[in-house]
Amino acid sequence: MNIALFGPPGAGKGTQAKELSKHYNIPHISTGDILRANVRDGTELGLKAKQYMDKGELVPDEVLIGLIRNRLTEPDCEAGYLLDGYPRTIPQADALKDILSEISKPLDSVINIEVSDEELVKRLSGRRSCTCGESYHVMFNPPEKEGVCNACGAELYQRDDDEEEVIRQRLAVYNDKTKPLIDYYDNAGLLVNVNGAGAVDAVFADVCKIMDQYK
Ligand code: AP5
Ligand code: MG
Ligand code: ZN
């Protein structure tokens, strides 16, 4: 199954994708996680991306398009893929269409997780992240042991871009550059909306109802 999870910052894309990837046994491809790993490792890509990420801006399209092309042509995508955080602009979506047609793996569905702005700010400001890709929330989704990842035991951290001012900027960038993709994918007949306001398990069940159609 070939799926893109779509939605504003903090909608729960990463939280859901982690579980969905295990449930359906397809790779979770988060461009945010790939970029953060590069920042941590101090790669050339990471150094370039960090300047944009810290300000809540999008990393330039050409960088992301190259990155996603490399990732989607890896062998683990044979059985399908679960995109998280890509595409985020119309040029990225156009490039994706070309890449997917080259590898004969067109999207089955774009699942749009809908959450109000007020709730997004609450979710992002209380988020705690792990380098393994898990994310928690101090109130809504706390780890078993405070400050420690359930999955890998590492110490949790707060993302640099989860600071109130940068959160506002990320939401503004989403509205300006990314939200137009809702119409883009609706017109392509691929968009399905999911209410993301419920509990993590409830949202998971709703997303599974959609993904089960493509098993
Ligand atoms: P990225 O890492 O993709 O960040 P984002 O889109 O801002 O999304 P988030 O990861 O913040 O939110 P999420 O939807 O994954 O929410 P989560 O599950 O963690 O991108 C970061 C940066 O990288 C960008 O700003 C940009 O600079 C760059 N970048 C990445 N991709 C790019 C691209 N394609 N083009 C250009 N630049 C790119 O959940 C959030 C919180 O809510 C957590 O605390 C969680 O525990 C909690 N939560 C989740 N679900 C629920 C629920 N149902 N109820 C209550 N709480 C919940
Ligand atoms: Mg995420
Ligand atoms: Zn972890």
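This is a predicted model: local features need pLDDT of at least 70, side-chain atom pairs count only at pLDDT 80 or more; totals for chains, interfaces and linings use all residues.
Two strands count as paired here if DSSP finds at least two bridges between them. Keep that in mind for strand β1, which is joined to strand β3 by 4 bridges, with the two running parallel.

**Strand β1 and its partners**
- β1 covers residues 2–6 and is mostly tucked away, with 5 of its 5 residues buried.
- On the β3 side (residues 81–84), N2 has Y81 as its bridge partner.
- β1 also pairs with strand β4 (residues 109–114), again in the parallel sense and over 4 bridges.
- Over in β4, N112 is the bridge partner of F6.
- In a regular strand, side chains alternate between the two faces of the sheet.
- In β1, N2, A4 and F6 point one way while I3 and L5 point the other way, and all are buried.

- Helix α3 spans residues 44–53, and its G46, A49 and M53 are buried.
- These residues sit on the same side of α3 because they cover an arc of only 70 degrees around the axis.
- Among the elements covering the buried residues of α3 are α2 (31–41) and α7.

- V138, M139 and F140 make a nonpolar surface patch of about 320 Å².
- V138 belongs to the loop between β6 (135–137) and α7 (164–178).
- V138 has 44% relative accessibility, so it counts as partly exposed.

Definitions and conventions. Residues are numbered from 1 along each chain as its sequence is written. Chains are lettered from A and ligands numbered from 1 in the order in which they are written. Side-chain values use heavy atoms; hydrogens and water are left out. Patches are made of residues with over 30% relative accessible area and no salt bridge: like charges are joined within 9 Å, nonpolar side chains (Val, Leu, Ile, Met, Phe, Trp, Tyr) within 5 Å. Accessible areas come from the Shrake-Rupley method with a 1.4 Å probe; for residues, only the protein chains shown count as cover. A salt bridge is a side-chain nitrogen of Lys or Arg within 4 Å of a carboxyl oxygen of Asp or Glu. Buried means under 20% relative accessible area, exposed over 50%, partly exposed in between (1.4 Å probe, protein chains only). The arc is that of the directions from the helix axis to the C-beta atoms. Contact means heavy atoms within 4.5 Å.
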